[in-house]
Amino acid sequence: DEFNWRRLAIFRRAFDSVVQSFKSWSPLLKTIQREYDTYVTRLEAQSEKVQTLNEQLADMEIDYSQKFQLMRQETARIVERVQAEADRTVEEAEESLKAQLDRKEVVEAELAKKKRVVEQLAKKLPEVEFQLQVLLKAYNANVKDCNKIMDAAHTSSVGELVELFKTMVHIQAMWDLESRMKEDLAKVVEEKDDLNNKYLA
């Protein structure tokens with residue numbers, strides 16, 4: 001940091017004074033000083049590279065944060081626009097329906113249509129009853145299977161069983177999300193380590 005570099009400058013001046021004072025040791029001391037200064041200069045250059053890299057990472061983080069905010073704002077605008085269009089469509093449909101209901105001819109045609117549908121349903125009633133019996137048998141079989149599942153899951157009602165399945169699905173989703181976040185974090189750390197190793201090498 002700044003304080004350490006100032007101390008280093010003070011020690012460097014002090015060492016220069018020592019070199020000037022001891023003439024007989026001057027060549028050796030100057031050689032030591034030159035090697036030391038070379039290494040310190042290298043450390044200063046590496047420190048500047050690391051500082052530059054940290055600044056670039058900070059700028060990237062700010063840029064990504066700004067982009068994320070812009071994406072959220074754009075998504076909110078799209079949702080708002082779609083909602084407005086949906087509301088307008090619903091309103092138009094309601095107005096159209098009211099206009100149609102106000103017309104007597106449309107109502108009479110609709111009643112006639114319903115009457116024909118009722119007649120058709122009356123003709124299909126025996127077939128429907130047969131299908132209903134088939135569905136009832138299937139329903140009873142499903143109830144038995146559901147009871148078996150409830151016994152296996154130690155639940156006393158279908159509601160508890162549904163909540164159990166929801167909890168399982170939610171836990172699985174959280175595990176998947178945690179796994180993806182760990183993978184993303186590992187990639188970011190690996191990229192940062194690679195950059196640090198590259199500039200510090």
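How accessible is F22: buried, exposed or partly exposed? Let's start there. F22 counts as partly exposed, because its relative accessibility is 47%. On that scale, buried means under 20% relative accessible area, exposed means over 50%, and partly exposed is in between, using a 1.4 Å probe and protein chains only.

Before I go on, a word on what we're looking at. This is a predicted model, where local features need pLDDT of at least 70 and side-chain atom pairs count only at pLDDT 80 or more, while totals for chains, interfaces and linings use all residues. Residues are numbered from 1 along each chain as its sequence is written, and side-chain values use heavy atoms, with hydrogens and water left out.

Okay, back to F22. You'll find F22 in the loop between α1 (2-21) and α2. Helices here are DSSP runs (H or I, at least four residues), numbered from the N terminus. F22 also belongs to a nonpolar patch on the surface, along with V18, W25, L28 and I32. Together those residues have about 500 Å² of accessible area, worked out by the Shrake-Rupley method with a 1.4 Å probe, where for residues only the protein chains shown count as cover. As for what makes a patch, its residues have over 30% relative accessible area and no salt bridge; nonpolar side chains (Val, Leu, Ile, Met, Phe, Trp, Tyr) are joined within 5 Å, and like charges within 9 Å.

Now have a look at Q33, in helix α2. Q33 is buried, because its relative accessible area is 14%. Leaving out residues up to four places away in sequence, Q33 touches R12, F15, D16 and V19, with contact meaning heavy atoms within 4.5 Å.

Let's follow helix α2, which covers residues 26-101. E91 sits in that helix, and E91 is partly exposed because its relative accessibility is 47%. There's a patch of negative charge on the surface here, where E91 gathers with D87, E92, E94 and E95. For the charges, Asp and Glu count as negative and Lys and Arg as positive, with His and the chain ends not counted. The place of a charge is taken as CG of Asp, CD of Glu, NZ of Lys or CZ of Arg.

On to salt bridges. How many does the structure hold? There are 3, where a salt bridge is a side-chain nitrogen of Lys or Arg within 4 Å of a carboxyl oxygen of Asp or Glu.

One of them joins K67 and D63, at 3.3 Å from N to O. K67 and D63 are about one helical turn apart, because they are 4 residues apart in helix α2. K67 is partly exposed, with a relative accessible area of 43%, and D63 is partly exposed too, at 30%.

Another pairs E74 with R77, whose closest N and O atoms are 2.5 Å apart. Both residues lie in helix α2, 3 residues apart, or about one turn. E74 has a relative accessible area of 35%, so it is partly exposed, and R77, at 42%, is partly exposed as well.

Then there's E178 with K182, meeting at 3.3 Å, N to O. This pair is in helix α4 (residues 158-200), and being 4 residues apart puts E178 and K182 about one helical turn from each other. E178 is partly exposed at 40%, whereas K182 is exposed at 55%.

Last stop: E119, in helix α3 (residues 104-153). E119 is partly exposed, with a relative accessible area of 43%. Where does V40 come in? The C-alpha atoms of E119 and V40 are separated by 100 Å, and the two residues are 79 apart along the chain.

Definitions and conventions:
Helix = DSSP H or I, 4+ residues; strand = E, 2+ residues; numbered from the N terminus.
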